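Trainee: I have a model open and would like to go through it bit by bit. Can we start with the loops?
Mentor: Fine, ask away.

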Amino acid sequence: MASPEIEALTQALARLPGLGPRSARRAVLHLLKKRESALEPLLSALAAVEDRLVTCTTCGNIDTANPCAICADGRRDDRALCVVEEVADLWALERSRLFPGRFHVLGGRLSALEGVRPEDLSIDHLVRRVEAGGVDEVVLAMNATLEGQTTAHYIAERIERFPVRITQLAHGLPVGGELDYLDEGTLAQALRARRPVA
């Protein structure tokens with residue numbers, strides 16, 4: 001059995017998404033074996049992030065600077081604003097390097113079952129950003145869940161009075177997906193969103 005300190009580290013790692021107790025034990029053993037090359041750099045990186053971590057007051061991204069690196073980038077297109085549920089969604093879209101505009105993180109999605117109301121999210125801040133002008137298009141990049149689509153619909157109603165184009169991400173067949181393995185909802189959406197062959 002490990003010491004209480006090592007066991008506490010294992011339990012802390014096991015609470016991270018994607019890591020269970022067995023994976024956490026393997027990670028701890030690796031860190032302990034490779035103290036100089038793995039544990040010490042990890043500890044210093046965690047300490048640096050802990051000291052400097054902030055939420056961007058413009059978009060809601062998490063970074064070590066306020067405004068965040070995306071908001072501070074003068075090459076971004078101010079006319080396009082992509083609305084996402086969580087920071088993880090922003091980071092996923094940013095990894096694709098396909099969206100040149102700005103972002104807005106809601107901090108969740110509307111959910112009557114979980115008691116998440118519009119005032120619990122940064123929807124009012126989003127409306128103020130659109131109302132300030134300079135935005136031509138708002139892309140609603142919500143997840144394809146009932147709550148995500150409810151949130152997108154609510155936001156669209158809140159900003160429809162402004163002179164902006166409101167769009168949302170396409171839903172349907174994933175690249176490399178086989179029809180036989182897709183659920184009925186995905187197939188129905190793909191059929192509704194069909195387009196001419198170029």
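Trainee: Where does Pro67 lie?
Mentor: Pro67 lies in the loop between strand S2 (62–63) and helix H4 (69–72). Helices (H or I, at least four residues) and strands (E, at least two) are DSSP runs, numbered from the N terminus. The peptide bond from Asn66 to Pro67 is cis, with omega near 5°.

Trainee: Before I go on, what sort of model is this?
Mentor: This is a predicted model, where local features need pLDDT of at least 70 and side-chain atom pairs count only at pLDDT 80 or more, while totals for chains, interfaces and linings use all residues. Residues are numbered from 1 along each chain as its sequence is written, and side-chain values use heavy atoms, with hydrogens and water left out.

Trainee: OK. What is the phi of Arg97?
Mentor: Positive, about 55°, although Arg97 is not a glycine. Arg97 sits in the loop between H5 and strand S4 (101–105).

Trainee: Is Arg97 buried or exposed?
Mentor: Exposed, because its relative accessibility is 73%. The cut-offs are under 20% relative accessible area for buried and over 50% for exposed, with partly exposed in between (1.4 Å probe, protein chains only).

Trainee: And where is Arg95 found?
Mentor: In helix H5, which covers residues 87–96. Arg95 is exposed too, with a relative accessible area of 62%.

Trainee: Now the strands. What does S3 pair with?
Mentor: S3 and S5 run parallel and are joined by 4 bridges. Two strands pair if DSSP finds at least two bridges between them. Val83 has Leu140 in S5 as its bridge partner. S5 is also joined by 4 bridges to strand S6 (residues 165–168), again in parallel. There Leu140 stands opposite Gln168.

Trainee: Which residues cover the two faces of S5?
Mentor: Glu137 and Val139 are on one side, Val138 and Leu140 on the other, and all are buried. In a regular strand the side chains alternate between the two faces of the sheet.

Trainee: Which residues touch the most other members of the largest nonpolar core?
Mentor: Val83, Val130, Val138 and Ile155, in a core of 18 residues. A nonpolar core is a set of buried Ala, Val, Leu, Ile, Met, Phe, Trp, Tyr and Cys residues joined through side-chain atoms within 4.5 Å. The elements that give two or more residues to this core are strand S3 (77–84), helix H6 (123–131), strand S5 (137–140) and helix H7 (146–159). H6 gives the largest share, 4 residues.

Trainee: What is Ile155 in contact with?
Mentor: Leaving aside neighbours within four places in sequence, Ile155 is in contact with Val83, Leu106, Ile123, Leu126 and Leu140. Contact means heavy atoms within 4.5 Å.

Trainee: Last topic, pockets. What is the volume of the largest pocket?
Mentor: About 250 Å³. On a 1 Å grid over the protein atoms alone, a pocket is an open set of points where a 1.4 Å probe fits, with protein on both sides within 12 Å along at least five of seven lines; lining residues have an atom within 4 Å of a point. The volume is the space filled by probe spheres set on the points, which are joined across faces, edges and corners.

Trainee: Which residues line the largest pocket?
Mentor: Among them are His171, Leu187 and Arg194.

Trainee: And which element gives the most to the lining of the second largest pocket?
Mentor: H5, with 3 residues. That pocket has about 170 Å³ of space, and its lining includes Asp89, Ala92 and Leu93.
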